[in-house]
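Hi there,

Here is the structure I promised to pass on to you. Have a look at it first, and then read my notes below.

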Amino acid sequence: MSKLARAIFPGSFDPLTLGHVDIITRALEFCEQVIVGVLANPSKSPLFTADERVDLIEQHFRLYGERVVAESFSGLLVDFAKEQKTRVLLRGLRATSDFDYEAQMALMNRHLSSEIETFFLMTLEKHSYISSSLVKQVAPLGGSVEHLVPPVVAEALMDKYESVA
Ligand code: PNS
């Protein structure tokens, strides 16, 4: 099977979870390169800076070399896609409750740029309850994040919450 040259997996990644890792890893089966697009200016104030989020993604995917690249972006996602020379956006779906928001975004992106296509990947059932916001709720209260985020992120969460304690 010939692979897509490149696709963008956009998000806030505050922080990267095992759900994201699963989507990226499965996308690599049909894409030569996945650009993880980290939104630099989300309306909600992030726990990790954009540089920290990019760094954590790069650290986790270091062994994949250029096949997984993390880049922060601001402004419109469709403009970032043009800059990165791809027409393909990837998004993960965890449950039907994700669908309305995802469909709205996909249609808005198509309205903004008719050449952009959004491909949806269904997450593994075992990751379907994981979200960055729940991780941020559980971690400062001492809950285990071991099966929720990669080790490098678990360590960064510990450092973050220790430094604010
Ligand atoms: O992980 P998230 O927070 O669900 O990701 C949302 C993201 C970053 C994909 C979305 O907010 C986005 O694309 N923002 C960039 C601004 C934009 O292009 N908006 C129009 C499309 S909805």
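Let's start with a question: are Glu-102 and Arg-91 buried or exposed? Glu-102 is buried, and Arg-91 is buried as well. (Buried means under 20% relative accessible area, exposed means over 50%, and partly exposed is in between, using a 1.4 Å probe and protein chains only.)

Before I go on, a word on where this comes from. It's a predicted model, so local features need pLDDT of at least 70 and side-chain atom pairs count only at pLDDT 80 or more, while totals for chains, interfaces and linings use all residues. Residues are numbered from 1 along each chain as its sequence is written, and side-chain values use heavy atoms, with hydrogens and water left out.

Now the charged pairs. Side chains of opposite charge can pair when their charged atoms come close. A salt bridge here is a side-chain nitrogen of Lys or Arg within 4 Å of a carboxyl oxygen of Asp or Glu, and by that rule the count is six. Here are some of them:

- Glu-102 and Arg-91 make a salt bridge, with their closest N and O atoms 2.8 Å apart. This pair links distant parts of the chain: Glu-102 sits in helix H4 (residues 99–112) and Arg-91 in strand S4, eleven residues apart.
- Arg-26 and Asp-22 make another, at 2.9 Å between the closest N and O atoms. They are four residues apart in helix H1, which means about one helical turn separates them. Asp-22 is buried at 10% relative accessible area, whereas Arg-26 is partly exposed at 26%.
- Glu-117 pairs with Arg-110, the closest N and O atoms being 3.8 Å apart. Glu-117 is partly exposed at 34%, and Arg-110 is partly exposed at 42%.

(Helices are DSSP runs of H or I with at least four residues, strands are runs of E with at least two, and both are numbered from the N terminus.)

Next, the backbone. Most residues other than glycine have a negative phi, and most peptide bonds are trans. Now look at the loop between strand S1 (4–11) and helix H1 (18–27), where you'll find Pro-15. A cis peptide bond joins Asp-14 and Pro-15, with omega about 5 degrees. Phe-13 lies in that loop between S1 and H1 too, and its phi is positive, near 50 degrees. Phe-13 is buried, at 3% relative accessible area.

Lys-85 also has a positive phi, near 60 degrees. You'll find Lys-85 in the loop between helix H3 (77–83) and strand S4 (88–93), and it is exposed, at 70% relative accessibility.

Cheers!
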